[in-house]
Each structure stands twice: as C-alpha cells, then as structure tokens.
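Colleague: I am new to reading models like this one. Please take me on a close look at the pockets, one step at a time.

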Amino acid sequence: MINIVLFGAPGSGKGTQAKFLEQKFNLKQISTGDLFREHISQKTDLGILAESYIKKGHLVPDDVTIQLLQTALEKETDGQGYIFDGFPRTRAQAEALDILVNSTFNSKINICLALKVEDEELIKRLLKRGESSGRADDANENIIRERLAEYYAKTADVAEYYKNQGNYVEILGKGSIEEITEQLSEAIEKNL
Ligand code: ADP
C-alpha cells in the first residue's frame, strides 16, 4: 500500500494531478473539498455547516473535517493506496491522518508531495476555474485572497510536519500538466 499527501495552496493543481496519479499508480483520490461539496449539494447538516465556512474562504473546523475523513476511510476496504487531496490542512489534521491511516489500514503516509506556485498565478487560475466550475469560492477575488490567507496562516506549516518526518518533496507547479505529473511520478517511484 502507498499513501500520498498531495499538498499545496488552493489552485496549485492538486485535484488535476490527483486524477493522473490515480490512474498511473492505481490509487484512489480522497478530496475533503469534494466530500464537503457532496454534502452541500445534498443539503445535509454537515453540508450546511461546512458551507458557512467555505463561502467565506475559511477552513472548516478540524473536528468536523477529521470526522468527515474518518467516515470516508471507514468505507474503504480494498484500496491499494490513497491520494489525500486537500487534507491535511492543519497540524492537528496531519496528526489525525497518521493515526487514522494506521488504525484503518495498518499503514502510513509514505510521502508528502508539495506543489509550489506563485500567488498571482494561483489567483489567475482560480478566477479562470470560477468561470466554469460553478464554485462560488472561485468566483470572487476577495474570497480567493481569504483562502490564500488561511493557507499561509494555518496550512503552510503542515509542510514542516512532513519535513520533520523526512518524507517531504517539493515540486514546482509551473509548466505543462504532463511535465508536473512526470516529476510527481518520479518522486513516487523513488519511494515505492
Ligand atoms: P482548493 O484546494 O481549491 O481550495 P478544495 O476543494 O480542496 O479546494 O477546498 C474547498 C474548501 O473546502 C476550502 O477552502 C475549505 O473551506 C474546505 N476544506 C477542504 N478541505 C479542508 C480541510 N482539510 N480542512 C478544512 N477545510 C477544508
């Protein structure tokens, strides 16, 4: 089993790359953002609560998000490995992920792959995505800037968590999608 954390700011390309890596390595993507959006479209209590944070560009509180992930993992029985996209976003989530992957699969996080992209490029990409994604949090530059502020205030430090574990690899998220997939793949293969 191989478990990957795909890390990076909003708009850095985590979701796009996760789709390619899923295919290439026979892994399953778990995106907390997608899980929240499913709850929002079904108007569950969790969805209504999450939406109140997401529409402001804020992180959903840790207890809610960790519970969401735990429920998702409990449904997984036969996966060969997972790509965590958009989780962890805080140190508490990173610690919880180690515990959950251990207790659910008797496994661990093998590598954290971080996509680095400049802020101005992130904002450009997110505004462009907002034209077609239907995501309210992509359509407004103030919300995007708030998400980036949350990233720097709460999430960026998660990199230190994985650096301390010695399994952090940084990749420049600039260039073609294929080139970036190639670099991510090389980093994964070194860790297989
Ligand atoms: P992006 O990476 O483009 O911001 P996501 O789909 O990963 O998009 O996340 C959308 C929103 O969902 C985030 O801005 C945040 O409000 C919420 N969210 C997703 N994952 C988490 C998480 N692990 N912790 C807290 N909030 C989260």
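**The pockets and the ligand**

Modeller: Let's start with the second largest pocket, whose lining divides into 5 nonpolar, 5 polar and 6 charged residues (Ala, Val, Leu, Ile, Met, Phe, Trp, Tyr, Cys and Pro are nonpolar, Asp, Glu, Lys and Arg charged, the others, Gly among them, polar). Keep in mind that this is a predicted model, in which local features need pLDDT of at least 70 and side-chain atom pairs 80 or more, while totals for chains, interfaces and linings use all residues. Residues are numbered from 1 along each chain, and side-chain values use heavy atoms, without hydrogens or water.

A pocket is an open set of points on a 1 Å grid over the protein atoms alone, where a 1.4 Å probe fits, with protein on both sides within 12 Å along at least five of seven lines; lining residues have an atom within 4 Å of a point.

The second largest pocket holds about 370 Å³ of space (the space filled by probe spheres set on the points). It has 16 lining residues, and L35, E38, L68, A72 and K75 are the closest to its centre. Strand β2, helix α2 and helix α4 (62-74) each give two or more residues to this lining (helices, H or I, have at least four residues and strands, E, at least two, as DSSP runs).

Now move to the largest pocket, with a volume of about 940 Å³. Here 43 residues form the lining, and P10, G11, K14, R129 and R135 are the closest to the centre. Among the elements that supply at least two residues each are α1 (14-25), β2 (28-31), α2 and α6 (119-133). The lining counts 10 nonpolar, 19 polar and 14 charged residues.

This largest pocket is also where the ligand sits (more than half of its atoms lie within 2 Å of the grid points). Around the ligand there are 20 residues (each with a heavy atom within 4 Å), and T32, R37, H58, G86 and R129 are the closest. Helix α2 (residues 32-41) gives the most to this shell, with 4 residues. By class, the shell has 6 nonpolar, 7 polar and 7 charged residues.

Let's zoom in on three of these neighbours. An N or O atom in the side chain of T32 is 2.8 Å from a nitrogen atom of the ligand. A ligand nitrogen atom also lies 2.9 Å from a backbone N or O atom of G86. In R129, a polar side-chain atom is 2.8 Å from an oxygen atom of the ligand.

Notes:
Polar contact = N/O pair within 3.5 Å; in protein donor to acceptor, adjacent residues only side chain to side chain.
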